[in-house]
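This report looks at charged side chains and their partners in one protein. The sequence and structure come first.

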Amino acid sequence: MKTFEYDILSFPMTRKTSLADMQGSLNAKGAEGWEVVSISSSEFANIGHTVFLKRETTPAGATA
């Protein structure tokens, strides 16, 4: 059976470069095997985005 681990990232949208920073961070996580599952945006006061990620885990004792 497949198993997964999860991560949550927060990106405040306070600077002009925030979207570029977000893209760079997500590309780095993707290179580690993480996949974006969902993004939640807060439009109130331009707070930012919360990103939920997952990646498949390797069973203990298994070799890749």
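The sections below cover the salt bridges and then the contacts of aromatic rings.

## Basis

The model is predicted. Residue numbers start from 1 along the chain as its sequence is written.

Across the whole structure, two salt bridges are found. In one of them, the side chain of Arg55 meets that of Glu5 at 2.7 Å, N to O. Arg55 belongs to strand β3 (residues 48-56) and Glu5 to strand β1 (residues 4-12), so this pair ties together parts that are 50 residues apart in sequence.

Arg55 has a relative accessibility of 24% and counts as partly exposed. Glu5, at 30%, is also partly exposed.

## Salt bridge between strand and helix

Asp7 and Lys29 form a salt bridge through their side chains, at 2.8 Å from N to O. Asp7 is in strand β1 and Lys29 in helix α1 (residues 18-31), so the two tie together parts that are 22 residues apart in sequence.

Is Lys29 buried or exposed? Lys29 counts as buried because its relative accessibility is 16%, and the limit for buried is under 20%. Asp7, with a relative accessible area of 23%, is partly exposed.

## Aromatic rings

How many aromatic pairs does the structure hold? The number is zero.

A ring does take part in a contact with a charge: the charged end of Lys54 sits over the ring of Phe4. The distance from that charged end to the ring centre is 4.3 Å.

Note on methods:
This is a predicted model: local features need pLDDT of at least 70, side-chain atom pairs count only at pLDDT 80 or more; totals for chains, interfaces and linings use all residues. Side-chain values use heavy atoms; hydrogens and water are left out. Rings of Phe, Tyr and Trp (its six-membered ring) pair if their centres lie within 6.5 Å; planes under 30 degrees apart count as stacked, over 60 as edge-to-face and the rest as tilted. A charge sits over a ring if NZ of Lys or CZ of Arg is within 6 Å of the ring centre and within 35 degrees of the ring normal. A salt bridge is a side-chain nitrogen of Lys or Arg within 4 Å of a carboxyl oxygen of Asp or Glu. Helices (H or I, at least four residues) and strands (E, at least two) are DSSP runs, numbered from the N terminus. Buried means under 20% relative accessible area, exposed over 50%, partly exposed in between (1.4 Å probe, protein chains only).
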